[in-house]
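The exercises below are to be worked with the sequence and the 3D structure at hand. Try each task before reading its solution.

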Amino acid sequence: MKIGIIGAGIAGLASAVRMASRGHEVQVFEANSYPGGKLSEFSLNGYRFDAGPSLFTMPHYVDELFRLAGEEPAEHFRYERLPVVCHYFWEDGARLLAHAGQEEFAREVERQLGVPPQRLHEALADSRRKYELTGRIFLEKSLHRLSTWLGPGVLPAMLAIPRLGLFTNMDTVNRRHLRHPKLVQLFNRFATYNGSNPYKAPGLLTIIPHFEHHIGAFFPKGGMYAITRSIYELAQRKGARFSFGSPVEEIVVERGRATGLKVGGRTHAFDRIISNMDVFFTYKKLLPREKHPHRILKQEKSTSALIFYWGIRREFPELGLHNIFFSDDYRAEFGRLSEGRVYEDPTVYINITSKLEPADAPEGAENWFTMINVPYHAGQDWDAIIERSRAGVLAKLSRILGVDVASFIECEDVLEPRTIESRTASHLGALYGTSSNSRMAAFLRHPNFSGRIEGLYFCGGSAHPGGGIPLCLLSAKIVDEVMHGANGKARPGIKSNSWTF
Ligand SMILES: Cc1cc2nc3c(=O)[nH]c(=O)nc-3n(C[C@H](O)[C@H](O)[C@H](O)COP(=O)(O)OP(=O)(O)OC[C@H]3O[C@@H](n4cnc5c(N)ncnc54)[C@H](O)[C@@H]3O)c2cc1C
């Protein structure tokens, strides 16, 4: 079959590998001049920066792509497990190292916060249990196919619903298990891994720490961009063809079936089309004449981010790869985000890849990716917000680290909601598509196929199962499964046997 893919974001690349490995003829059209979408990199004055994602979990989903393509992953993509997942800092001088090993983490929590280890063990056991009950159904399968709901594992998950935290929020679950305000704040932070609010998002999202503390947090050799590079090169080796600087202008639909893509005024015919473009813009820009799934398209967006990429002419031995400087009032911080505003003294995240890849910064220097959570773009005065936030972030870091951080900045670049939207066509600059703040969020994310247009499929952060690298990789896997039967043969078209909410 001839498969056309719109976008070379991480899910588009993974789809290209999967389709080409099945022997299909694959053509990817990418608007930018480079692959990766949000997962890209750039250099500035001798510093290398990963532009978007910095935390890498579930590396086996990358390995899986190499294996199904018949290659040995370690020959092309290597990564290491982090012994310390994150360095945490508070304004009152408290510090804590989140060790990957659970015993060591529990001892550190007891030493620094006086919390009995048992509480941490219970919270992480609860996280594992919830993941084991629901992960396969909610993350690895299409929620819009009857076969998922008739499959194994559904009954135990249904019976466990009262204990999954669906009817309460993350903060409540974390307070019940952990009680200490700083530890609750630390665990509430996991809501930000998919751009949600821990005071609204269902307690089921307390599965997220399971990824980081049981399966692990990892760092790819060469930085996060190595994920993009290695999957892109794999797709090319399998025969996928890429056209960069080639924005798709229209999905051609004939008698209810997607038959081609219009690019640069020319129509290319395809048997199947996979859109890795944000679902919202796929409909608005590429399918203006088709009926739109309005309920899905108007779902609340996830949060966005404001990032200062700083070349810092100094080394900070107290910092690691991932660092968090918490705000004093987390509830107020998320309250502001819900109102579309930015908190005056927000939690600051710093990622420093030169800690593990010294070549990412000149000698004696560090590459700081300094990020705060901000609301999605809704017409705010971002220039004023950036100026105010920059001053606030620097004041906070200087207070906690005890040095004038601004005096060490030798180069700077900025990414913010408007540029996130313009560079990757992500609606309103949301990092993770729609938010997971409601119980129904998983069901109201766009399915991995169109229920109306035969032969049209969707992957990427705005489609099921959601944003973040692991889930985007899973979206490509689900597209592949939905498109092909168990025997690996392409199904005729999904339209007639599909259903959506
Ligand atoms: C600052 C930031 C920090 C993040 N941190 C993390 C993290 O630590 N860990 C994590 O797992 N995730 C993180 N994420 C989220 C993660 O980056 C995304 O969920 C993921 O990369 C999205 O991939 P995607 O496949 O949806 O495609 P995208 O990256 O959104 O790319 C879509 C591609 O489609 C192209 N495109 C759009 N329209 C067209 C068109 N008409 N024609 C052709 N091409 C088109 C775009 O140019 C783009 O290249 C972060 C994101 C950002 C921005």
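**Exercise 1.** Which residues does G392 touch, not counting residues up to four places away in sequence?

Solution. The model is a predicted one.
- Step 1: Locate the residue. G392 is found in helix α14, which covers residues 382-401.
- Step 2: Leave out residues up to four places away in sequence; G392 then touches E344 and D345.
- Step 3: Check a further pair by C-alpha distance. G392 and P346 are 46 residues apart in sequence, and their C-alpha atoms are 8.2 Å apart in space.
- Step 4: Classify the residue. G392 has 17 other C-beta atoms within 10 Å, so it is partly exposed. The class lies between the cut-offs of 12 or fewer for exposed and 20 or more for buried.

**Exercise 2.** Find the strand order of the open sheet of three strands, and say which strands are its edges.

Solution. 
- Step 1: Take the pair of β11 and β12. β12 spans residues 257-263, and it pairs with β11 in the antiparallel sense over six bridges. One point to check is V248, whose bridge partner in β12 is V263.
- Step 2: Take the pair of β12 and β13. These two strands are also antiparallel, with four bridges between them. Here G260 has A269 of β13 as its bridge partner.
- Step 3: The order is β11-β12-β13, with antiparallel pairing in an open sheet. β11 (248-254) and β13 (266-269) each pair on one side only, and they are the edge strands.
- Step 4: Inspect the hairpins. Between β11 and β12 there are two residues, and R255 in this hairpin takes a positive phi near 50°. The hairpin of β12 and β13 likewise has two residues between its strands, and there G264 takes a positive phi near 55°.

**Exercise 3.** Which strands pair with β9, and over how many bridges?

Solution. 
- Step 1: Start from β5 (residues 56-57). Two bridges join β5 to β9 (residues 217-220), and the two strands run antiparallel. T57 has A217 as its bridge partner in β9.
- Step 2: Go on to β6 (residues 79-81). β6 pairs with β9 over three bridges, again in the antiparallel sense. For Y79, the bridge partner in β9 is P220.

**Exercise 4.** Why is helix α8 described as largely enclosed by the rest of the structure?

Solution. 
- Step 1: Count the buried residues. Helix α8 (residues 181-188) has eight residues, of which six are buried, and it is therefore largely enclosed by the rest of the structure.
- Step 2: Name them. The buried residues are L183, V184, Q185, L186, F187 and N188.
- Step 3: Look for what covers them. The cover of the buried residues of α8 includes the strand β7 (84-89) and the helices α3 (102-113), α4 (117-140), α7 (170-178), α9 (208-215) and α13 (330-338).

**Exercise 5.** Describe the shell around the ligand: how many residues surround the ligand, and which are the closest?

Solution. 
- Step 1: Count. The ligand is surrounded by 36 residues, and the closest are G7, G9, G37, P53 and G460.
- Step 2: The shell has 20 nonpolar, 14 polar and two charged residues.
- Step 3: Assign to elements. At least two shell residues come from each of α1 (10-21), β15 (304-312), α15 (417-424) and α17 (469-483). α1 gives the most, with three residues.

Note on methods. Residues numbered from 1 in each chain as written. Predicted model: local features only at pLDDT ≥ 70, side-chain atom pairs only at ≥ 80, totals over all residues. Pairing = 2+ DSSP bridges. Contact = placed C-beta atoms within 7 Å. Near = placed C-beta within 6 Å. Nonpolar A, V, L, I, M, F, W, Y, C, P; charged D, E, K, R; others polar.
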